2 protein chains.
Amino acid sequence: MARAATTSDVFNAIAEPQRRKILVLLRAGERPVTELAVELGMTQPGASKHLRVLREVGLVRDRKAGKHRLYGLDARGLRPVHEWTGGFERFWNESFDRLDAYVRDLKQARQEE
Amino acid sequence: MARAATTSDVFNAIAEPQRRKILVLLRAGERPVTELAVELGMTQPGASKHLRVLREVGLVRDRKAGKHRLYGLDARGLRPVHEWTGGFERFWNESFDRLDAYVRDLKQARQEE
DNA sequence: CCCACGCTTTCCCATATGGGTATATGATAG
DNA sequence: CTATCATATACCCATATGGGAAAGCGTGGG
C-alpha cells in the first residue's frame, strides 16, 4: 500500500500547507483560481489541483460568476477535526504537568548527585 | 516535489488513520509497541514505524520500563491543530446558513419555472 | 557473562502525491 | 457564431510514503 489519497478525508486534505493557506485565504471571501494562485505563489494549474482536492472533501464550493469561477469556503468539514483534537484537550494540559514534574525531578536528582 | 514528509508537521502526522488510532489508544495509558500492533491489527514493525513518526513530531514519548519500552501520549502538539480549525468555527455555522439559503433559492427557482 | 526477547531498521513494492509545462475545455462577451 | 479569456486536464518527475518480511541490535535478567 502507499500513502492514502489526499481526497480520502479532510485530515489528509488539510495536511498540505498550501491547501491550508487556501482555506485561510477564502475566509476573506470568494476568489477565482487565478487570484489564489498568485497569492500562493504558484502556477494556476497547481492551485486548481489543490482546489480540486478541497472540493472533493467538501471544504470548498465553487460557483460561476460571469467569466469567473469563484471558490468559496465551506468549513463544516473542519468541525470533525476540531472535535477530534478537542478530545485531547484534557491531555495536553495533563501531559504538560507531567512533563513539568519530570523536568523538576531531573533537576532535583542532578542536585542530589 | 513529492508529497511532504509525514514527519514535517503534526497535520501531516495525524493525516494517517492508524496514527490517529494510536493516539486514541494511548489516551488510555502507556503501552508497549507489541500491544499497540495487536490492537491496530498490523505487524509490530508497522506499528513501530508509525510510532517513530509520532515521536518525531512530538506527539508521543517513550520511556524504558524494564524490558519494555512504553509509549505515552504527549498531546500538546495537537493544540495548534485544534486552534487552527477553531479559527473556522464561525465559518462552519455561517456557511451552513448560506448553503441552506442557497438550497432554498434553488427550490424556489424550480417552482417558478 | 551471555542469551533471548522486544524493538528498530533495512529492503522491496505499488502507489499517490505536489509541481511545472503544455494542452484541452468551456463558456462569455461582442 | 466565434475569438478569448479563465480553468481544468494530461503528462512527466522525483519523492515519500504505508506495509510486510527479514535481519540487526540493545539490554534486561538469570
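This is a predicted model: local features need pLDDT of at least 70, side-chain atom pairs count only at pLDDT 80 or more; totals for chains, interfaces and linings use all residues.

Me: Great. What is the strand order in the open sheet of chain A?
Reply: The order is β1-β3-β2, three strands in antiparallel pairing.

Me: And which strands are the edge strands?
Reply: Those are β1 (31-32) and β2 (60-65) of chain A, and each of them pairs on one side only.

Me: What holds strands in a sheet together, in general?
Reply: Strands of a sheet pair through backbone hydrogen bonds, in either a parallel or an antiparallel way.

Me: OK, how many bridges join β2(A) to β3 of chain A?
Reply: There are six, and the two strands run antiparallel, with β3 covering residues 68-73. To pick out one spot, A:R63 has A:L70 in β3(A) as its bridge partner.

Me: Which strands does helix α2 of chain A lie across?
Reply: Helix α2 (residues 17-26) lies across β1, β2 and β3 of chain A, and runs at about 95° to β3(A). Helix α4 (residues 44-56) of chain A lies across β2 and β3, running at about 115° to β2(A).

Me: Switching topic: how many residues does each chain bring to the contact?
Reply: Chain B gives 34 residues and chain A gives 34 residues.

Me: And how much area do chain B and chain A bury between them?
Reply: About 3,500 Å², with 66% of it on carbon and sulfur atoms. On chain B's side, B:R3, B:H82 and B:W92 supply 21% of the area that chain B buries against chain A, more than any other three residues.

Me: How many salt bridges does the rule find across that interface?
Reply: It finds two. A:D9 forms a salt bridge with B:R20, where the closest N and O atoms are 3.2 Å apart. Over all chains, the count comes to 18 salt bridges. A:D9 sits in the segment before α1 (10-13) of chain A while B:R20 is in helix α2 of chain B, so this pair joins two chains.

Me: Which elements of chain B give two or more residues to the side touching chain A?
Reply: They are α1 (10-13), α2 (17-26), α5 (78-86) and α6 (89-111) of chain B. The residues on that side of chain B divide into 17 nonpolar, eight polar and nine charged.

How values were computed. Residues are numbered from 1 along each chain as its sequence is written. Chains are lettered from A and ligands numbered from 1 in the order in which they are written. Side-chain values use heavy atoms; hydrogens and water are left out. Two strands pair if DSSP finds at least two bridges between them. Helices (H or I, at least four residues) and strands (E, at least two) are DSSP runs, numbered from the N terminus. Contact means heavy atoms within 4.5 Å. Axes are lines fitted to C-alpha atoms, for helices over the stretch in contact, and angles run from 0 to 180 degrees between N-to-C directions. Buried area is the accessible area (1.4 Å probe) that two parts lose on being put together, summed over both. A salt bridge is a side-chain nitrogen of Lys or Arg within 4 Å of a carboxyl oxygen of Asp or Glu. Ala, Val, Leu, Ile, Met, Phe, Trp, Tyr, Cys and Pro count as nonpolar, Asp, Glu, Lys and Arg as charged, and the others, Gly among them, as polar.
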